[in-house]
Amino acid sequence: MKKLSVFIALIAFFGLSLVNAQTREITGSVTSAEDGLGVIGANVIVKGTTVGVATDIDGNFSINVPEGYNVLTFDALGFAPQEITITGSVINVILKSANIALDEVVVIGYGTQKKSEMTGAVAKVKTEQLSIAPVASPEQALQGKVAGVQIVNTSGRAGSSAQISVRGNGSLSASNSVLYVIDGVPGGDFGSITPDDIQSIEVLKDAASAAIYGSRASNGVVLVTTKSGKFDQPTQINFNSFVSIDNLINEPELLNADQYKMILDESRNNYLADIAAGNLAAPDADDHRLEPYKSLGHNTNWMDEILNRNAVKQSYSVNITGGSAKTKFYASASYFDQNGVIKNDTYKKYRAKLNLTHCITDKFKVGFNTAFSQSIAVPLAEDNSSYTPWGNAMGSRPDAPTVDENGKAIDNPSVNNPLFAFERKVSSKWTTLAGVGFADWDIIDGLKYHFSISGNIANNRYNRFNPPSSRQGLVKKKPVGFGYYGTEYNTDFLVENTLTYIKRVFDDKLKITVLAGHTYQQYDWEDSYVSGKSFPSDNLRWLVSAGEINEGRSYWSGFAMESVFGRAQFSLLDKYNLMFLVRRDGTSKFNKDNKYGTFPSVSAGWNISNEDFFPEIGINTMKVRASYGQTGNQEGISYASGQNLIGSGYNYNLTPGLASGSLYNPDLHWETGHSYNFGLDVAFWDNRVNFSGDIYSKSSKDLLYSLPVPQETGYSTIQSNIGETSNKGFEVITDVNILKNGELKWNFSANFSYNKNEVVKLGGPTDNFTTGFVSIVKEGEEMGSFILYNSLGVAQEKYEYKNKDGKVTKTVLPGDMIYEDVNGDGYINDKDKQVYNGGIAPMYGGISTHLEYKNFDLTINAQYSIGKKVYAMYKQGGTGNMNGGAVGYPSYSRNMITDMLDRWTPENTNTDVPRAHMETSVVEWNHRHSTRFLEDADYLRISNITLGYNLPKSILSKIYLTKARVFVQGANLLTITKYSGNDPEVQYIDPDRDNNKTTAGVDVGGIPNAKSIVFGVNVSF
């Protein structure tokens, strides 16, 4: 397959002889007056003959005009033709359009296309939507703006990124992450660029659009085009900055010391009363639960101790753009600094970017796009760590002291003093460098050869030190100290060759676009670590000071992919559009018999409004679309899962050993997605109202999953292809220009998405498996489902469970929980658990409005989620925040949320909170995995309100500026929800299973998101 690259290069080379030398060279660009974007496909005409076409996203063209001709005509579908008299060698043309609804330029895989010619489901977010309401990260720029794209901010940690899903989730253990393609390079780091660098974002939602990226496109594709400048453009400098003050959107309400003592006293009294009544056996005389509770004499608000209230976040970026007749450029640098809402949680990021394009001749141009970023974080302990400051602040007893007279955290009778988390010294530094070099050659009229070579380098240095005097540095209360230093070094490089041919035939009635390409991409991962202990001092933090180096490891893995692809597009009479596409991927992950996967697609569109019979009823444009396509998935599994390999590191008794690390499955192959899409695009009322709707169905088959095997094999699982999942739904988006003339302009847009997810079949030994805390994957149910007992409330009087013979099997006392005995056998066990859906919201969307009056602008964005359920795991069990003092009394009982004040008592019976008790068996019964903790988590969140003011031109001219805007923004100021937890968006994310949706909707008490007041400025000169 690599020979194809040589073949394409030879075609390009021999085409050079076709260049006509009896002409003069004219270059320039064709852009739209409405949005300033390039007009793809604009024709350059001399005396009725087309001599050139603007073929790239910026509308750039390069033509040879015969001597003696001085007038050029520029024409494009949907734009008024314009004649230009040649006065120099560079011409920049701005076309006016009476109908832009379906004729804006949209980036697609390996090319661009007019929206009127699109046949797939592609959504676009333009630069003005990003700049009006600034955001801290690129993911936030998409939230609530694109139908079919669900974005959830699952954590309030500094520097945390959002989870993005496109039209549901299809994979069980392989990746559900979208593919980012930045400036044409697949697999880029979205965080390596700032929102200010982005020209546009396109989301390829259906398989017919995404299949051009083959096996990496099964979860959708996000195409990011960064700014590149324009030819013959004066140099412009832009400066953007904002500073924000951040606080939690919702702070948990915990018991104070008096309330805590009251609950523990009551818990003990209930325990003693049950013993006296004969409901419980009497304990040993020295049982600590017989001791009265003794307060430690403090009233500590642990949230005050760990929270960084009024945390400051700041961003500064500057970019320079411009161009001459032959060269255009864009350069930027930025700095982002965030202090998290938890103390010591900091995140800094430095970014730089340079895009440069140079025309060597009128037919040949070269360039490169580069991006550098470095992030420096002081990360908190994970939510499931015993030293997480947030979780421990939620649970630490409020009567305990915080620090001693020297300011050192006290090892007090608590779950863990939350301040212990701040004793460790930790840093994580990621450095990434991404770049692509390219060459474009217009071989003959309409035929372009594109070559690119790109690469990404990501390096991480993680350093952790637990000082000898710290709680985590002690061994049997003796100071030891522990150090850990780890590195990661990840690289990938990509070589691409494509040929694109655009031809108009039959008097320009039929436009044909053909693409052929070949790519080769290779990934390599390296990691290593070394750890030591026995440090002489808290101030000597590096491993060179360790008395003993006790562990270490180095590791490498990698894989490669090679692909060929082709696409043919036909546009007839500006009415009928047809596209065929096929991609064939080969991966080193599978054996030679299953190495290759072929992913075809076909799509069609009909511009009904261009038909002669279409009535003039106020509809400007109407178009229908239909598509079918296939994609693949081989992410989320080992680099050679389908290979029969021997691994190292199986050592015994200081002797190095080799062994088979996993069971060999010779039949392992691609996970395959199948997708159908039907769409409608309509614009009416002089294009003031634009509507787009899609109905889709996509299924993922031959799912990659680790099946359990008999222990006699010596292994626990084998990687296999099993089962099928399905996602069906619809999405609509409406954009209305209510007012667009004069001093007052008003735009309103809204989108709604519905997705029905189902695990159709598993194909394994059973029809279900449990995962995480309370999650289940079961045939016929949704991903993000829960397996729970059905809670029937709190018993108001003695309640008895009886078997079929009428024998009492269990007696529930007043104040304790009752659960549904589904099978009626008199026992509450796993057979009575039922499946409940809702961990992934089936309905979601966004609302946005933008107003401009004179120099003022106001933008309001909101997002919502409907049908969402969250399991409040943090409330449950003896270690939960509604435990009633059950575990470790009187020393280590966790604190509780104020919901416990509504517990059942003989005087307070109208409640769903059971009585406080310290007997383990009672607490376990009252805190079973049940619907008691499953809550509705629908929400409407005002994600931002931004008010801006643009300085008038009369002032700008005096201070030598072309633009100056100041703004104030409120982010996440209001969240309307019934969910009693801190944040309906936050859920448990296992760091080793990122974006695994099978465990969605479980809240273990993670850090909620922040609300912010933002002040900013945008300046250009």
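Which residue forms a salt bridge with D527? In this predicted model, the partner is R553, and the closest N and O atoms of the two side chains are 2.7 Å apart. The pair links distant parts of the chain, for D527 sits in strand β27 (residues 510-533) and R553 in strand β28 (residues 548-572), 26 residues apart. R553 is partly exposed, with a relative accessible area of 44%.

Side chains of opposite charge can pair when their charged atoms come close. Another example joins K756 to E782, with 3.2 Å between the closest N and O atoms. K756 lies in strand β37 (residues 744-761) and E782 in the loop between β39 (775-778) and β40 (785-788), so this bridge ties together parts that are 26 residues apart in sequence.

A nonpolar surface patch of about 700 Å² is made by F856, L947, V968, L973, L974, I976, I1013 and F1015. Strand β51 (963-977) gives the largest share of this patch, four residues, and both β51 and β53 (1010-1020) supply at least two residues each. L947, also a member of the patch, is found in strand β50 (residues 939-950). Its relative accessibility is 42%, so L947 counts as partly exposed.

Technical notes. Residues are numbered from 1 along each chain as its sequence is written. This is a predicted model: local features need pLDDT of at least 70, side-chain atom pairs count only at pLDDT 80 or more; totals for chains, interfaces and linings use all residues. Side-chain values use heavy atoms; hydrogens and water are left out. Patches are made of residues with over 30% relative accessible area and no salt bridge: like charges are joined within 9 Å, nonpolar side chains (Val, Leu, Ile, Met, Phe, Trp, Tyr) within 5 Å. Accessible areas come from the Shrake-Rupley method with a 1.4 Å probe; for residues, only the protein chains shown count as cover. A salt bridge is a side-chain nitrogen of Lys or Arg within 4 Å of a carboxyl oxygen of Asp or Glu. Buried means under 20% relative accessible area, exposed over 50%, partly exposed in between (1.4 Å probe, protein chains only).
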